[in-house]
Amino acid sequence: MQKILVWDWPVRLGHWLMVGGFILAWLTSESESLRLVHVLSGGVVVAVALFRLPWGFIGSRYARFVDFVRGPGSVVDYLRSLIRLDPDHHTGHNPAGGWAIVLLLGLGIATGLVGWAMYNELGGDWLEELHEGLAATMLTVVFIHVAGVISGSLLHGENLVRAMITGHKQGSPDAAIASARPLAAIILIAWVGVAAWWLAS
Amino acid sequence: MRAIPAVALLLASLACHAETPQQIRQIYVAEASSQQAGFTPSAKRGEAFFRQRFANNDKMPACTSCHTDSPLNAGEHAVTGKSIKPLAVAANPNRLSDPAKVEKWFGRNCKEVVGRACTPAEKADFVTFLSEVR
Ligand code: HEM
Ligand code: HEM
């Protein structure tokens with residue numbers, strides 16, 4: 001076991017853009033003076049999540065959905081190992097974390113698109129309720145996600161937050177990904193800029 | 001005492017059927033009367049409030065910043081430029097039909113434009129203005 005590269009650049013950059021966008025969207029949600037900031041930051045969340053879908057098929061090994069979306073059996077096994085305070089080590093995402101990711105991506109897209117529909121008056125007042133309900137559900141999943149990251153980090157003695165920044169985790173050398181895919185990260189930035197601007201206009 | 005009108009609003013919105021502008025006005029009038037004996041709502045004061053400029057927010061100093069000089073017109077959001085449906089009941093029958101929605105927008109926009117919560121008397125005057133303006 002040594003430090004190996006597991007998270008490519010689009011995964012890491014996309015993650016922190018989504019965190020920033022989500023927090024900013026929450027903080028500005030009730031203000032009309034900051035409505036544009038809300039719509040832009042919410043647009044960043046949608047744009048990152050939409051990019052992440054194809055990246056889940058063509059990205060590097062641990063970015064792929066096939067690598068971390070597992071059946072309920074594996075999730076239960078992992079949660080049991082967590083309760084025994086001896087969680088199974090996964091080089092990529094653990095099975096419980098994998099489902100949190102799917103939920104966060106889905107809720108990010110749904111919340112943002114409903115917000116966009118409301119912003120452009122494509123529906124009635126019910127859209128406002130739906131937008132708020134989806135956002136609150138997403139916040140709940142974020143808390144569970146962060147709790148999972150903290151407990152996983154403590155129990156493995158491995159700082160998962162730092163791993164999401166540097167891209168490195170413990171693993172055997174042959175499990176490392178070959179490239180951090182910087183070019184795709186540049187495409188991600190360009191896409192997020194264009195898509196968020198378009199959603200806000 | 002202050003809790004009673006809030007509870008009335010809550011019950012009214014839970015009942016989940018559309019209220020009339022008169023019922024919504026009545027809720028605020030009751031609340032204002034409990035603080036100020038003999039209170040009667042005035043469309044004139046409501047209109048003055050609508051036009052008053054507050055030194056709180058440069059981007060939206062008055063209600064008129066987004067809602068134009070007349071509540072009978074469609075407005076335009078001062079920041080996003082998105083259109084806003086008319087506030088006057090005469091121009092938009094959906095207005096003043098959902099107490100929770102009315103409270104939500106008083107809550108949000110009084111804080112942002114006026115810089116404080118609006119008083120029950122101000123709200124009673126304002127909804128009176130919106131339901132009577134032609
Ligand atoms: C500041 C709080 C947060 C921290 C410290 C954090 C940390 C992490 C970590 C360590 C992982 C990898 C999990 C693993 O190794 O199994 C991860 C993945 C992920 N997190 Fe967070 N997270 C935070 C907030 C959020 C928020 C607010 C969102 C969504 C709005 C989010 C969405 C995701 C997604 C989608 C993934 C999967 C990343 C990918 O594979 O592209 N996270 N997070
Ligand atoms: C996924 C990220 C987003 C989150 C977490 C989020 C969250 C929220 C929340 C909590 C509110 C407060 C609702 C209320 O108190 O009535 C709100 C309001 C609003 N959001 Fe979002 N939002 C997001 C994305 C968007 C996007 C992308 C748009 C538009 C393109 C948007 C447009 C709006 C508008 C116009 C309002 C005011 C709603 C109203 O009239 O009551 N949001 N948002």
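Modeller: Let's start with helix H6 of chain B: its buried residues pack against helix H2 (21–35), helix H3 (43–51) and helix H5 (99–114) of chain B. Helices here are DSSP runs of H or I with at least four residues, strands are E runs of at least two, and both are numbered from the N terminus. This is a predicted model, in which local features need pLDDT of at least 70 and side-chain atom pairs pLDDT 80 or more, while totals for chains, interfaces and linings use all residues. Residues are numbered from 1 along each chain as its sequence is written, chains are lettered from A and ligands numbered from 1 in the order written, and side-chain values use heavy atoms, without hydrogens and water.

Biologist: What makes H6(B) largely enclosed by the rest of the structure?

Modeller: Buried means under 20% relative accessible area, exposed over 50%, and partly exposed in between, with a 1.4 Å probe and protein chains only. Twelve of the 13 residues of H6(B) are buried, so the helix is largely enclosed. Among them are Pro120(B), Lys123(B), Phe126(B) and Leu130(B).

Biologist: How do you know that the reach of H6(B) is close to the expected one?

Modeller: The expected span is 1.5 Å times one less than the number of residues. For residues 120–132, the helix reaches 18 Å from first C-alpha to last, close to the 18 Å expected.

Biologist: Why is the arrangement around the iron atom of ligand 1 called octahedral?

Modeller: Donors are N, O and S atoms within 2.8 Å of the metal (3.2 Å for Na, K and Ca), and since water is not among the atoms, sites may look incomplete. Six donors count as octahedral if opposite ones are over 155 degrees apart and all others between 65 and 115. Here the six donor atoms subtend angles of 87 to 179 degrees, so the arrangement is octahedral. The protein donors are His15(A) and His145(A), each through NE2, lying 2.0 Å from the iron. This pair links helix H1 (residues 9–27) and helix H6 of chain A, 130 residues apart.

Biologist: What makes the iron atom of ligand 2 octahedral as well?

Modeller: Its six donor atoms subtend angles of 85 to 179 degrees, which makes that arrangement octahedral. NE2 atoms of His38(A) and His131(A) are the protein donors, lying 2.0 Å from the iron. His38(A) is in helix H2 and His131(A) in helix H6 of chain A, so the pair ties together parts 93 residues apart in sequence.

Biologist: Are these histidines buried or exposed, or in between?

Modeller: His15(A) has 22% relative accessibility, so it counts as partly exposed, and His145(A), at 22%, does too. His38(A) is buried at 13%, and His131(A) is buried at 15%.

Biologist: What makes a nonpolar core?

Modeller: It is a set of buried Ala, Val, Leu, Ile, Met, Phe, Trp, Tyr and Cys residues joined through side-chain atoms within 4.5 Å. The largest has 39 residues, of which Trp7(A), Met18(A) and Met138(A) touch the most other members. Apart from it lies another core of 26 residues, including Phe39(B) and Cys118(B).

Biologist: How much area do chain A and chain B bury between them?

Modeller: About 1,200 Å², 37% of it on carbon and sulfur atoms. Buried area is the accessible area (1.4 Å probe) that two parts lose on being put together, summed over both. Contact means heavy atoms within 4.5 Å, and this one takes 13 residues from chain A and 15 residues from chain B.

Technical notes: Four donors count as tetrahedral if all angles lie between 85 and 135 degrees; four count as square planar and six as octahedral if opposite donors are over 155 degrees apart and all others between 65 and 115; anything else is irregular.
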